[in-house]
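Student: Hi! Could you walk me through this structure, one step at a time?

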Amino acid sequence: MSVDPHLSGLSGTVVHDVIVPARAPWLHHVAAGQTLRIVDLEGNQAVDFLLYAAADDAERYSAQDTVAAQGNLFLREGTVLRSNEGRPMMTIAATSVDYHDTIGGACSCESNTLRYGHHTKAEHACVENFLEANLSEGRGKRDIVSNINFFMNVPVEEDGSLGIVDGISAPGLTVDLHAEMDVVVVVSNCPQINNPCNGFNPTPVRMIVTA
Amino acid sequence: MTDILANPLAARDHARGMAGTVVEAMPVLPPVADDLPAGVPADALVWEETIAAGGYATRRLSRGSRLRLIDLKGDACASLLIFNAEMPTERLNIADTVKVQWNAYLGQGKLLLSDMGRVLMSIMEDDAGTHDSFCGASNAATNAAKYGSGDNSGPHPNGRDRFLLGAAKHGLQRRDVHPCVTLFKGARIEPDGAIVPQIGPFQPGRTMVLRAEMDVIVVIANCPHVLDPRTDWTVTPLRATAWRGPVTPVDDPIRNATPEGLRAFENVEDYFRR
């Protein structure tokens with residue numbers, strides 16, 4: 001039996017293990033104490049990511065509270081992902097990519113018309129995935145807030161210039177998230193094809209939950 | 001109970017006796033402002049209010065309205081939520097605001113974009129230059145940690161709880177309090193991602209003028225910046241003035257400044273094509 005390299009370093013028992021196809025949504029409940037590993041199978045695949053408190057989904061991931069609390073824009077090993085009420089939701093327990101983005105937001109059909117032109121309006125987008133997944137549990141548009149983009153690179157220059165640039169991830173790189181409370185994880189495996197966030201080629205990612 | 005208020009009519013007279021009281025932070029009704037820009041008629045004024053240190057205010061503004069904010073004493077901190085008044089599920093999207101404009105630092109000419117690819121408000125004038133699109137507002141937990149309390153009912157109110165009350169006045173809920181921008185207090189980013197807050201205090205009277213590009217609800221919370229390094233809870237009053245103005249014409253320089261921004265205006269114009 002060969003050893004699965006994507007499980008390397010994970011402790012505990014695998015309780016969920018799934019490949020999220022390119023361009024697809026994913027929703028999963030992760031209990032406090034469990035660990036979610038996201039594997040960037042083919043490299044430079046942005047994983048757009050939201051969190052809701054399972055007990056009260058008006059409490060949700062807050063990019064602003066997270067970056068303010070750590071005084072830094074980039075999400076690195078040790079970063080505590082905080083809610084809009086300032087509580088820890090998950091912690092980045094380990095990451096083989098230096099840092100991840102939380103200011104770039106999610107692509108949408110509507111913002112694509114601004115960024116690229118109205119010819120992109122019909123293309124699939126992360127907000128479509130977020131909506132589809134959230135609607136299955138009664139959440140809707142009001143519940144879409146600034147998200148995390150795992151494996152995505154958004155530097156900010158001295159004059160405030162920013163943009164999504166070539167990724168710093170690679171095939172097989174991972175991020176491990178330790179749940180500090182019972183959470184609902186909502187993911188869009190980003191379908192964007194107009195910028196480098198997915199290397200212009202959306203690919204599958206793997207989700208592994210251990211307990 | 002004092003003797004004089006022992007019956008309803010005495011209580012009525014006591015209450016009526018307060019009429020005409022003037023305090024630092026209050027609305028003026030009907031609005032009066034002796035410093036409107038040249039060419040703005042007095043009867044175009046729609047809102048005049050000084051927002052208390054630690055207070056909040058909210059207002060529905062029609063498309064074309066100008067909203068002037070003045071940091072009266074140099075230590076105001078205006079955290080701002082914006083909704084499409086007609087359909088409040090559409091609201092300010094700070095990620096799209098910085099991403100679409102390829103820049104994170106707000107100032108004159110910048111647009112505040114919704115999550116529907118439209119421009120909610122634009123910044124017509126800004127002599128402050130220190131604004132924050134990253135850190136958001138304080139919350140009960142951050143104020144409790146820094147000041148010992150953060151409750152609306154206590155001496156150190158926090159931005160999020162002010163937003164909750166302001167949004168609730170429009171029938172909105174906890175899930176509607178979205179990521180905000182903060183005006184007059186800044187945040188700059190170092191190459192390693194470190195956030196450098198620009199807290200001041202600054203010279204009094206710094207002024208911004210925003211233009212409503214759609215019918216909007218604004219909620220403004222004036223509480224200390226979440227990264228204010230001072231141990232004392234410190235903030236000063238904020239003046240808000242608004243007047244009616246023309247809808248942005250097709251030759252407007254802010255409308256036409258960038259291809260991305262132009263498409264945001266075109267999406268607004270398409271929304272109102274009905």
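Tutor: One term before we start: two strands pair if DSSP finds at least two bridges between them. Also keep in mind that this is a predicted model.

Student: How many bridges join strand β4 of chain B and β11(B)?
Tutor: Strand β4 of chain B covers residues 78-84, and its partner here is β11(B). The two run in the antiparallel sense. Pairing needs at least two bridges, and for β4 and β11(B) the count is seven.

Student: Which residue in β11(B) stands opposite B:Leu81?
Tutor: Stay with the antiparallel pairing of β4 and β11(B). Find B:Leu81 and look across to β11(B). The residue opposite is B:Val219.

Student: Which are the edge strands of the sheet in chain B?
Tutor: The sheet is open, with four strands in antiparallel pairing, in the order β2-β11-β4-β7. The twist from one strand to the next averages 25°. An edge strand pairs on one side only, and that picks out β2 (56-61) and β7 (181-183) of chain B.

Student: At about what angle does helix α4 of chain B run to β11(B)?
Tutor: Helix α4 of chain B spans residues 159-168. It lies across β2, β4 and β11 of chain B. Taken against β11(B), the angle is about 145°.

Student: Which residues touch the most other members of the largest nonpolar core?
Tutor: That core holds 129 residues. Its largest share, six residues, comes from strand β11 (residues 216-222) of chain B. In soluble globular proteins, nonpolar side chains tend to be buried together. The ones touching the most other members are B:Leu81, B:Ile82, B:Val216 and B:Ile220.

Student: Which residues does B:Val216 touch, leaving out those up to four places away in sequence?
Tutor: B:Val216 is one of the residues that touch the most other core members. With its sequence neighbours set aside, its contacts include B:Ile82, which is on that core list too.

Student: How many residues of chain B are in contact with chain A?
Tutor: Start from chain A, where 34 residues take part. On that side, α1 (63-70) and α2 (109-115) of chain A each supply at least two residues. By class, the chain A side has 13 nonpolar, 14 polar and seven charged residues. On the chain B side, the number is 36.

Student: What do the buried residues of α1(A) pack against?
Tutor: This helix is mostly covered, with seven of its eight residues buried. Those residues are A:Ala63, A:Gln64, A:Asp65, A:Thr66, A:Val67, A:Ala68 and A:Ala69. Just after the helix, A:Gly71 takes a positive phi of about 65°. The buried residues pack against β5 (80-82) of chain A together with β9 (195-198) of chain B.

Student: Is A:Gly105 buried or exposed?
Tutor: A:Gly105 sits in the loop between β6 (88-95) and α2 of chain A. Away from its sequence neighbours, it is in contact with A:Ser146, A:Asn147, B:Asn93, B:Ala95, B:Asp96 and B:Lys99. A residue needs 20 or more other C-beta atoms within 10 Å to be buried. A:Gly105 has 29 such neighbours, so it counts as buried.

Student: Where does B:Pro201 lie?
Tutor: Look for the cis peptide bond that joins B:Gly200 and B:Pro201, with omega about 10°. Another cis bond runs from B:Leu29 to B:Pro30, with omega near -15°. B:Pro201 itself lies in the loop between β9 and β10 (206-212) of chain B.

Student: What is the phi of B:Phe184 near?
Tutor: B:Phe184 is found in the loop between β7 and β8 (186-189) of chain B. It counts as buried because it has 29 C-beta neighbours inside 10 Å. Its phi is positive, in a residue other than glycine, and the value is near 80°.

Student: What is the average pLDDT of chain B?
Tutor: The model as a whole scores ipTM 0.96 and pTM 0.97. In chain B, 99% of the residues score at least 70. The chain B average is 97.

Terms used:
Residues are numbered from 1 along each chain as its sequence is written. Chains are lettered from A and ligands numbered from 1 in the order in which they are written. Two residues are in contact if their C-beta atoms, placed from the backbone, lie within 7 Å. Ala, Val, Leu, Ile, Met, Phe, Trp, Tyr, Cys and Pro count as nonpolar, Asp, Glu, Lys and Arg as charged, and the others, Gly among them, as polar. A nonpolar core is a set of buried Ala, Val, Leu, Ile, Met, Phe, Trp, Tyr and Cys residues joined through C-beta atoms within 7 Å. A residue is buried if 20 or more other C-beta atoms lie within 10 Å of its own, exposed if 12 or fewer, and partly exposed in between; C-beta atoms are placed from the backbone. pLDDT is the predictor's confidence in each residue, from 0 to 100. Axes are lines fitted to C-alpha atoms, for helices over the stretch in contact, and angles run from 0 to 180 degrees between N-to-C directions.
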